[in-house]
Amino acid sequence: MTAQMNAYNAYKQNSVTTASPGELTLMLYNGCIKFLGKAKVAIEEKNIQEKNTNIQKAQAIIAELMSTLNMDIEISKQMLPLYEYMNHRLVEANIQNSTEIVDEVEGLVTEFRDTWKEVLKITRQQQFGGTKQV
C-alpha cells in the first residue's frame, strides 16, 4: 500500500511540474471545487474546523487566480471583481455556516472552470492542426 501511495504521489507531483500554465489554471479551478465540496460536507456535519480549513483553501486558490491575472488584458479587468466577489462570499459562508453561499461560489467556479476547459480545447486544436488558417 505504501509503495502504491508513493507512486501515486510521484505521479501527482510530476503532473503538476510538467503541466502548462493553462493546465495549472484548470487544476486550480478543480482544486477549488474540491475544497468547496468538502466545506459543504463539513458544514452539514457541523465540523467547524474542517469547514474553516476547506473554505480557507478555496480562498487561497482564488487569491492565486487573482494574482495571476494579466491586468493589461481587458478580460482580466472583468474577472478580478468576480474573484473578489467570490472571496467575499466565502468569508460570509464561513461566518454564517452557509452551504447556500458555498453552492453559489461553487457554481461560479464551475462556470469559470468549464469555460477555461473550452479555451484550452480550442487553443490545442489551433496549435496542433485542428483548424487551418487561410
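This is a predicted model: local features need pLDDT of at least 70, side-chain atom pairs count only at pLDDT 80 or more; totals for chains, interfaces and linings use all residues.
Local features require pLDDT of at least 70 and side-chain atom pairs count only at pLDDT 80 or more, whereas totals for chains, interfaces and linings use all residues. Residues are numbered from 1 along each chain, and side-chain values use heavy atoms, without hydrogens and water.

The unreviewed UniProt entry places a "coiled-coil region" at residues 41-68; such annotations may be inferred rather than shown by experiment. This stretch is 86% helix and 0% strand (DSSP runs, with at least four residues of H or I for helices and at least two of E for strands). Its end C-alpha atoms are 29 Å apart.

Helix H3 (residues 48-67) packs against helix H4 (residues 74-96) at an angle of about 170°, with the axes 10 Å apart (axes are lines fitted to C-alpha atoms over the stretch in contact, and angles run from 0 to 180 degrees between N-to-C directions). H3 is therefore roughly antiparallel to H4 (an angle over 145 degrees).

The largest pocket is lined by 20 residues, divided into 12 nonpolar, seven polar and one charged. H4 gives the most to this lining, with six residues.

How values were computed: Angles under 35 degrees count as roughly parallel, over 145 as roughly antiparallel, 65 to 115 as roughly perpendicular and the rest as oblique. On a 1 Å grid over the protein atoms alone, a cavity is a set of points where a 1.4 Å probe fits but cannot get out, and a pocket is an open set with protein on both sides within 12 Å along at least five of seven lines; lining residues have an atom within 4 Å of a point. Ala, Val, Leu, Ile, Met, Phe, Trp, Tyr, Cys and Pro count as nonpolar, Asp, Glu, Lys and Arg as charged, and the others, Gly among them, as polar.
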